[in-house]
Amino acid sequence: MMQDVEPPFENTISSSRRYKGNHPTAGFFHIIFKLVAYLTYMFGGVFFGDSYILFFVLIILLLAADFWTVKNVTGRLMVSLRWWNEIQEDGTNKWQFEAGDINSVHSFDSTFFWVVLFGHVVLWGVNFVVALLGNWKYLPLVTVALCLGFANALGYSKCRSDARKRIELWLAQETVGMIAKNPDLVTAAAVTSLGSVRDVFSSRFSGPAPTATGPDVPFQPQYAFPGGTAYTASHFGPGTV
């Protein structure tokens with residue numbers, strides 16, 4: 001007799017109630033450090049009391065962990081993008097971008113990544129304004145949080161823009177290469193297109209074809225007069241028309 005085997009824990013929850021992208025673990029770590037840091041900032045005074053240093057250090061550690069995770073792990077897995085910044089010998093900064101197969105990115109992964117990334121910046125931006133207006137004690141902490149979040153948002157925005165430009169350049173190069181390798185195919189397509197345009201104009205601007213009364217009867221133009229009667233050229237004498 002066959003015994004029922006209990007399915008693994010991860011399979012007992014229906015997929016409709018879980019993360020719907022291809023990288024649930026990356027999605028979890030994409031948001032967990034942000035969420036814990038923000039909740040600690042909002043309600044940490046209840047647990048830490050007057051210990052501002054411990055409060056400050058804990059949030060900075062959470063934000064640093066989030067910055068590293070998003071920059072090096074979740075962005076590469078969820079949207080196939082990665083960025084970093086290199087300092088040149090002359091002291092200037094140079095942005096470096098890396099993109100994988102963007103077509104393989106799941107739409108839910110992409111939406112979740114960008115919404116959480118920019119939502120994080122917006123939340124800390126609001127707290128920055130609040131701290132600037134009166135609560136200066138937390139202004140250094142909020143400034144660090146905003147700078148770290150904005151750096152990742154800016155880096156990935158530039159990386160996405162650079163990836164799109166590279167795709168457009170690649171498509172243009174492939175098109176030019178195809179035209180160079182198959183000139184006859186391009187010529188045939190152009191001739192077909194011109195013929196289609198000519199047929200359209202001919203059907204729109206040419207009148208109906210003349211009809212004859214018999215196979216040997218030449219076409220005779222008709223002239224309509226206000227009285228409503230139509231006459232052909234044969235009704236008139238020589239020189240009247």
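**Exercise 1. Find what the side chain of N152 meets at the backbone of F67, and describe the setting of N152.**

Step 1. Start with the atoms: a polar atom in the side chain of N152 lies 3.4 Å from the backbone oxygen of F67. A polar contact is a pair of N or O atoms within 3.5 Å; within protein, one must be able to donate a hydrogen and the other to accept it, and residues adjacent in sequence count only if both atoms are side-chain atoms.

Before going on, note that this is a predicted model, where local features need pLDDT of at least 70, side-chain atom pairs count only at pLDDT 80 or more, and totals for chains, interfaces and linings use all residues. Residues are numbered from 1 along each chain as its sequence is written, and side-chain values use heavy atoms, with hydrogens and water left out.

Step 2. Helices (H or I, at least four residues) and strands (E, at least two) are DSSP runs, numbered from the N terminus.

Step 3. Check the cover. N152 counts as buried because its relative accessibility is 2%. Here buried means under 20% relative accessible area, exposed over 50%, and partly exposed in between (1.4 Å probe, protein chains only).

Step 4. List the partners. Apart from neighbours within four places in sequence, N152 is in contact with D66, F67, V70, K71, W83 and L117. Contact means heavy atoms within 4.5 Å.

**Exercise 2. Which residues pair in the salt bridge, and where do they lie?**

Step 1. Recall the rule: a salt bridge is a side-chain nitrogen of Lys or Arg within 4 Å of a carboxyl oxygen of Asp or Glu. Side chains of opposite charge can pair when their charged atoms come close.

Step 2. Search the whole structure, and one salt bridge turns up. Its partners are D66 and K34, at 2.8 Å from N to O.

Step 3. Locate both ends. D66 sits in helix α3 and K34 in helix α2, so the pair links distant parts of the chain, 32 residues apart.

Step 4. Look at the cover: both D66 and K34 are buried.

**Exercise 3. Follow helix α3 from its kink to the residue S80 just after the helix.**

Step 1. Helix α3 covers residues 52-78 and has a kink of about 50°, centred on V70. The bend at a residue is the angle between axes fitted to the seven residues ending there and the seven starting there.

Step 2. Pick out buried residues of α3: among them are F55, I59, L62, L63, D66 and V70. An α-helix has 3.6 residues a turn, so residues three or four places apart point the same way.

Step 3. N72 counts as buried because its relative accessibility is 16%. Leaving aside neighbours within four places in sequence, N72 is in contact with R82 and Y156.

Step 4. Move on to S80, in the loop between α3 and β1 (81-87). S80 has a positive phi of about 55°, although it is not a glycine. Most residues other than glycine have a negative phi. With 15% relative accessibility, S80 counts as buried.

**Exercise 4. Is G27 buried or exposed, and which residues does G27 touch?**

Step 1. G27 belongs to helix α2. At 2% relative accessibility, G27 is buried.

Step 2. Not counting residues up to four places away in sequence, G27 touches Y19, M78 and F112.

Step 3. Compare sequence with space: G27 and D109 are 82 residues apart along the chain, while their C-alpha atoms are separated by 7.5 Å.

**Exercise 5. Which residues form the nonpolar surface patch?**

Step 1. Apply the rule: patches are made of residues with over 30% relative accessible area and no salt bridge; like charges are joined within 9 Å, nonpolar side chains (Val, Leu, Ile, Met, Phe, Trp, Tyr) within 5 Å.

Step 2. The members are I31, L35, V36, L39, M42, F43, V46 and F47, with about 780 Å² of accessible area together. Accessible areas come from the Shrake-Rupley method with a 1.4 Å probe; for residues, only the protein chains shown count as cover.

Step 3. Take V36 as an example: V36 lies in helix α2 (residues 24-48). V36 is partly exposed, at a relative accessible area of 33%.
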